[in-house]
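Colleague: Could you take me through just one part of this model, slowly, and tell me how its pieces sit together?

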Amino acid sequence: MSDILIVDDEKDIRELVSDILRDEGYKTRVAANSDQCMAEIQASEPGLMILDIWLKDSDMDGIDILKRVKRENPGVPIVIISGHGNIEIAVAAIKQGAYDFIEKPFNIDQLMVVIGRAMETSRLRRENTELKRSEGSTTEMIGSSPAFKTMKSHLDKVTKSNGRVMLTGPAGAGKDVAARYIHMNSDRAKAPFITVTCAAINPEGMEVELFGREVPGKSIEPGLLEQANGGVIYFDEVGDMPMGTQSKILRVLVDQQFFRVGGNEKVKVDLRVISSTNRHLPEEIAHGRFREELYHRMNVVPIDVPAIEERREDIPELTDYFIEQLHATQGLPKRALSSEAAALLQTLRWPGNVRQLKNVVERVLILGPDKGEIHVKELPSTDGPSSDDDTVMLSGRLATLPLREARELFEREYLMTQINRFGGNISRTATFVGMERSALHRKLKSLNVVTSSKSGARVARIEDEGDETLDDM
């Protein structure tokens with residue numbers, strides 16, 4: 001959007017202005033009449049227009065073109081030029097949305113000043129729009145666990161292509177961050193990134209949200225697809241999209257064009273599609289709740305975003321990142337995490353995944369002291385409310401078992417938790433629990449505990465018949 005479209009019926013003026021602007025480093029296009037002008041805009045939206053108000057052999061004059069462009073492409077600044085200028089024409093042009101009015105014969109220096117200001121205004125407006133779109137979002141990927149590295153490797157492979165990507169994983173795992181990471185590291189990084197929150201949009205209003213609305217002869221409301229033109233459209237939780245809308249989105253993916261609601265002219269778009277879901281879409285297809293063809297169109301490159309329980313090694317690193325982020329954005333205390341607190345966080349259940357972890361960190365920083373390390377007593381517990389006395393409470397399951405069985409159950413669950421905490425690394429687990437590695441191997445074998453691969457990481461589980469022995473990580 002950095003080029004300038006020059007529209008004038010006089011060839012000498014078109015070429016003169018174009019040559020001057022090219023000498024100043026601008027890219028230019030030219031049009032001699034209204035038909036050529038609209039064709040150029042349809043092909044690619046310019047960064048600015050220089051528009052003559054009187055056009056011979058044209059169906060529309062400059063004011064008509066100005067009205068239409070400001071209705072359909074409101075972000076394009078337009079400088080009106082005229083050899084028959086007067087105050088009334090200038091006022092009419094400014095009222096219709098022109099950036100400025102210059103009378104012929106114009107002074108070249110004056111024209112360059114106006115163009116420079118108009119282009120800068122357009123750039124600032126686009127940057128402001130992008131900042132609003134990205135407010136509160138992040139594209140930084142945090143982690144070093146095997147599961148995280150596997151996911152990031154897959155993301156890096158798709159950034160430079162235009163292939164459609166489907167991100168799968170539980171709610172709160174960071175699928176939106178992964179989508180933005182793809183966008184920001186792609187050739188479309190400077191183009192829009194538009195999110196369609198399928199679960200939040202009212203089914204009755206989804207078509208207007210997506211395709212926009214057109215009132216013939218009056219106004220146009222661009223939809224999300226049109227706003228994303230040239231960039232990325234991200235369908236968040238696509239499994240929640242209404243069936244009726246799915247068929248129309250399928251047509252957009254095939255044709256890259258659509259009709260606005262109430263309109264009769266096709267809108268062409270250039271989009272890269274990224275989608276995400278926490279549902280098992282093949283099951284949704286089997287129950288008639290999702291279109292199979294749409295699934296195959298969107299699921300060209302499937303990438304799994306692992307749950308936090310599959311990457312427990314990353315929890316201390318994620319916690320440190322959230323502390324830094326909350327300190328920078330909200331002014332919350334910048335406190336370090338004690339080793340005991342880090343160990344506890346790695347052993348807790350996280351049904352809300354990374355989002356839940358961030359909420360816990362924010363709560364601790366808000367309610368805790370302004371200085372000092374974050375200690376275990378400040379963190380939530382899965383074992384019920386804490387007590388100030390020294391009473392030891394057994395879980396209901398352990399309390400019903402004889403000592404030998406209870407001890408075996410405790411040892412199994414404790415060691416499995418520690419192995420998962422360290423990403424299946426037996427050496428690190430042995431060091432933490434205070435056992436020789438060979439002794440830990442024997443203990444795990446006696447407890448029927450093995451490790452197996454999942455999402456690029458190794459996780460501990462109870463041995464099934466036919467399983468191989470525990471791997472030495």
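Modeller: Two strands count as paired if DSSP finds at least two bridges between them, and strands (E, at least two residues) and helices (H or I, at least four) are DSSP runs, numbered from the N terminus. This is a predicted model, where local features need pLDDT of at least 70 and side-chain atom pairs count only at pLDDT 80 or more, while totals for chains, interfaces and linings use all residues. Residues are numbered from 1 along each chain as its sequence is written, and side-chain values use heavy atoms, leaving out hydrogens and water.

Now look at the open sheet: its 5 strands pair in parallel, in the order E7-E10-E13-E6-E14. At its edges you'll find E7 (193-197) and E14 (301-304), each pairing on one side only. On average, neighbouring strands are turned by 20° against each other, ignoring direction (axes are lines fitted to C-alpha atoms, for helices over the stretch in contact, and angles between N-to-C directions run from 0 to 180 degrees).

Zoom in on E6 (residues 165-168) and E13 (residues 272-277): they run parallel and are joined by 4 bridges. Find Thr168 there, and you'll see Thr277 of E13 standing opposite.

Where do H6 and H7 meet? Lys152, Leu155, Asp156 and Val158 of H6 are in contact with Ala178, Tyr181 and Ile182 of H7 (contact means heavy atoms within 4.5 Å).
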